[in-house]
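Reader: I would like to learn how to read the features of a model like this one. Please take me through them one by one.

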Amino acid sequence: MDLKEIYPPREKWTHKGKNGYLLVIAGSKKYTGSPIFNALAALRAGADLVCCLGPERATNIAAQFLPDIITFPLVGDYLRKKHLPFILKQIPKFDSLILGCGLGRSLETFQVVLEIIKKANLPMVIEADGIRALSQEKEKISSILKEKKIVLTPHSKEFEILTGEKLTTEIGERKEKVKKWAKKLNCLILLKGHLDVISDGQEVFLNETGSPFMTKGGFGDILTGILGAILARKVNLFEAAKAASFINGQAGQLAAEKYGEGLLASDSFEIISQVIKNYAK
């Protein structure tokens with residue numbers, strides 16, 4: 001894949017923030033790794049600044065893990081309605097938004113996520129628990145997402161929860177259903193799997209990079225982080241999703257060649273930037 005248009009040579013007088021300012025709303029008391037995976041992948045994918053906003057345990061761990069990550073800790077173990085005014089005040093300061101990774105599945109959290117989706121106007125990646133929150137409003141999803149720049153990144157089970165349709169491993173069927181539901185829901189869908197299927201309801205793209213060893217927790221969060229970073233560069237949804245899927249799969253594939261069964265999602269962090277460098281020449 002040619003990444004030169006997404007990653008052109010940098011101008012000498014470029015400055016902090018010009019290459020993307022990303023907000024990550026992720027994590028909970030239980031799932032503390034998600035914001036780290038999101039943020040570090042985004043930074044390795046070229047974002048200038050990444051801020052993680054979420055429950056205090058997750059964001060405090062992110063801040064200790066890497067000083068490059070800016071954090072907004074929210075008091076409590078999960079996202080609550082009382083946090084909403086502060087969150088909505090921060091969103092306009094950013095170029096793109098990641099929402100849903102590791103937030104948990106409490107009803108109150110789902111309600112907060114839905115309000116963020118309705119009121120935010122940034123290019124947005126909705127992942128994991130964010131998709132489950134949307135599924136609470138099945139009859140209204142199309143109207144909620146209409147005229148927004150939204151990428152949903154479900155795996156097969158989340159796709160079923162969202163649409164009510166089960167998927168097999170037959171590629172033709174997966175392409176057909178992803179295209180149908182992307183059009184129906186007014187969004188772009190990146191269906192994760194052995195082959196990622198991407199559609200905006202009109203075009204369909206199949207990404208073939210990746211490895212069967214990429215079943216470890218965290219790879220979906222890394223994909224989301226890369227995608228959030230590219231969207232922050234004002235790249236259109238379809239091209240951004242294609243590039244992110246390719247970069248994530250290629251980095252994981254190269255890491256898997258070294259580690260095999262012992263592969264960790266974090267093993268691909270260092271390789272992300274190398275993949276970009278190789279394919280943006």
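Author: Start with the salt bridge: a side-chain nitrogen of Lys or Arg within 4 Å of a carboxyl oxygen of Asp or Glu. Glu 115 and Lys 118 form one, with their closest N and O atoms 3.9 Å apart. Two sentences on the source. This is a predicted model, where local features need pLDDT of at least 70 and side-chain atom pairs count only at pLDDT 80 or more, while totals for chains, interfaces and linings use all residues. Residues are numbered from 1 along each chain as its sequence is written, and side-chain values use heavy atoms, leaving out hydrogens and water.

Reader: Where do Glu 115 and Lys 118 lie?

Author: First, the elements. Helices (H or I, at least four residues) and strands (E, at least two) are DSSP runs, numbered from the N terminus. Glu 115 and Lys 118 are three residues apart in helix α4 (residues 107-119), so about one helical turn separates them.

Reader: Is Glu 115 buried, exposed or partly exposed?

Author: Buried means under 20% relative accessible area, exposed over 50%, and partly exposed in between (1.4 Å probe, protein chains only). Glu 115 has 24%, so it is partly exposed. Lys 118 is partly exposed too, at 37%.

Reader: Which parts of the chain does the salt bridge between Lys 192 and Glu 127 tie together?

Author: The side chains of Lys 192 and Glu 127 meet at 3.0 Å, N to O. Lys 192 is in the loop between β7 and β8, and Glu 127 is in the loop between β5 (124-126) and α5 (129-134), so the pair ties together parts that are 65 residues apart in sequence. Both Lys 192 and Glu 127 are buried.

Reader: How many salt bridges does the whole structure hold?

Author: A search of the whole structure finds 16. One of them joins Asp 95 to Lys 234, with the closest N and O atoms 3.1 Å apart. This pair links distant parts of the chain: Asp 95 is in the loop between α3 and β4 (96-99), and Lys 234 is in the loop between α9 (219-231) and α10 (237-259), 139 residues apart. Lys 234 has 62% relative accessibility, so it counts as exposed. Salt bridges can also form a network, as with Glu 165, Glu 173, Lys 177 and Lys 180.

Reader: Turn to strands. Which faces of β7 are covered?

Author: In a regular strand the side chains alternate between the two faces of the sheet. Both faces of β7 (residues 188-191) are covered. Leu 188 and Leu 190 on one side are buried, as are Ile 189 and Leu 191 on the other.

Reader: Which way does β7 run against strand β6?

Author: Two strands pair if DSSP finds at least two bridges between them. Strand β6 (residues 150-152) and β7 run parallel, joined by two bridges. Val 151 stands opposite Leu 188. With strand β8 (residues 196-199), β7 runs antiparallel, and three bridges join them. Leu 190 has Ile 198 as its bridge partner in β8. β7 and β8 form a hairpin, with four residues between them.

Reader: What about rings? How many aromatic pairs are there?

Author: Rings of Phe, Tyr and Trp (its six-membered ring) pair if their centres lie within 6.5 Å; planes under 30 degrees apart count as stacked, over 60 as edge-to-face and the rest as tilted. By this rule there are four aromatic pairs. Tyr 21 and Phe 94 form a tilted one, 4.5 Å centre to centre with 50° between the planes. Tyr 21 is in strand β1 (residues 21-25) and Phe 94 is in the loop between α3 and β4, so the pair ties together parts that are 73 residues apart in sequence. Tyr 21 is partly exposed at 23%, whereas Phe 94 is buried at 4%.

Reader: Which kind of pair do Phe 246 and Tyr 279 form?

Author: Their pair is edge-to-face, 4.9 Å centre to centre and 80° between the planes. Phe 246 lies in helix α10 and Tyr 279 in helix α11 (residues 269-279), so the pair ties together parts that are 33 residues apart in sequence. Phe 246 is buried at 8% relative accessibility. Tyr 279 is partly exposed at 29%.
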